[in-house]
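Please examine the sequence and the structure shown below. The paragraphs that follow lead from charged and aromatic pairs to the meeting of the chains.

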2 protein chains.
Amino acid sequence: MSDTNSVKPDSTFEVKSSPFLQAIAQQIRGQDTYGVYRSWSDELLLKPYIVSKPKKREIPVDGDVDPMTISRINAFYRAAAACIEKETGFLSQVVVDINHEGFGWILVFAGHLILIRKTMRDAHRFGFDSLDKTAEEGEKLVTKAVDIAKQFAEVAKL
Amino acid sequence: MSDTNSVKPDSTFEVKSSPFLQAIAQQIRGQDTYGVYRSWSDELLLKPYIVSKPKKREIPVDGDVDPMTISRINAFYRAAAACIEKETGFLSQVVVDINHEGFGWILVFAGHLILIRKTMRDAHRFGFDSLDKTAEEGEKLVTKAVDIAKQFAEVAKL
């Protein structure tokens, strides 16, 4: 196993500089019923979102998607929903429909309006080059979603 | 096992009188790679959608949802999507996200517009009193969805 799989904190980027990454950390801590992560830093908590390109190639896509990966995908999009809610006031829901081949849909929606509409491929390999990239990707999704929510507020209230 | 579970055709209602039921039959036949149902009448094919109230009470809700029930739910909402597409021209997608407890979401959407937005409870017991009721329920969903599609065509095209 390559060293990219170890859970050393990413020293190059601080979670507290990104509201989106903070939202992910909150989602993970919210699910942490037994306090396993209580003493972990946010950087350590979010480390598994970093999956380098060589590491991605190592992950086989022919088995079921790892339940931990599914949790990570869920936390990522729930964090996006939380950020959208904070900016627009619309309560948004997340639906993840990924088959065992790692293909499927992820939707974030409010009322009858879809705010994030993502087709997923190779869910097994979900991850980003760095925390920086994770934040960037998440914030891009949120910005676009907030625009749609403002433009079609009527549909989001249906 | 009660006689409501047997697969005798429902003689009181004809599938060809309902475009919605025909659409379900089409969905099921479309998945029938090995031609198992080739010689079956549409009435026989759709019989499993009839789940009487006493029969529903017999179905336990504490295990996983039967894969056959999930297929039935899928075919029902795909049929709705097909009917909506026929009336509006919008290509619609179906997303089913039901957990092992039988709770979850079913969404039918086009572009960024959700046409059918259904929260599911007790998916294990999915079914209707009769084919008549199945058709009625489906046609109600389609009519409402077509209204929404016409009202917010702009969002469906996003």
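Predicted model: local features only at pLDDT ≥ 70, side-chain atom pairs only at ≥ 80, totals over all residues.

Residues are numbered from 1 along each chain as its sequence is written, chains are lettered from A and ligands numbered from 1 in the order in which they are written, and side-chain values use heavy atoms, with hydrogens and water left out.

Side chains of opposite charge can pair when their charged atoms come close. Lys140(A) forms such a salt bridge with Glu137(A), with 3.7 Å between the closest N and O atoms. Both residues belong to helix α5 (residues 131-151) of chain A and are three residues apart, about one turn of the helix; helices (H or I, at least four residues) and strands (E, at least two) are DSSP runs, numbered from the N terminus.

The structure also holds 18 aromatic pairs over all chains, meaning rings of Phe, Tyr and Trp (its six-membered ring) whose centres lie within 6.5 Å. Among them, Tyr49(A) and Phe76(A) lie 6.4 Å centre to centre with 35° between the planes, a tilted pair; planes under 30 degrees apart count as stacked, over 60 as edge-to-face and the rest as tilted. This pair links distant parts of the chain, 27 residues apart: Tyr49(A) is in the loop between α2 (42-46) and α3 (53-58) of chain A, and Phe76(A) is in helix α4 (residues 67-88) of chain A.

Turning to the interface, 19 residues of chain B are in contact (heavy atoms within 4.5 Å) with 19 residues of chain A. His112(B), Arg117(B) and Phe152(B) supply 30% of the area that chain B buries against chain A, more than any other three residues; buried area is the accessible area (1.4 Å probe) that two parts lose on being put together, summed over both. Between chain B and chain A there are zero salt bridges. Because 100% of the interface residues of chain B are also interface residues in chain A, the copies meet through the same surface.

Methods:
Salt bridge = Lys/Arg side-chain N within 4 Å of Asp/Glu carboxyl O.
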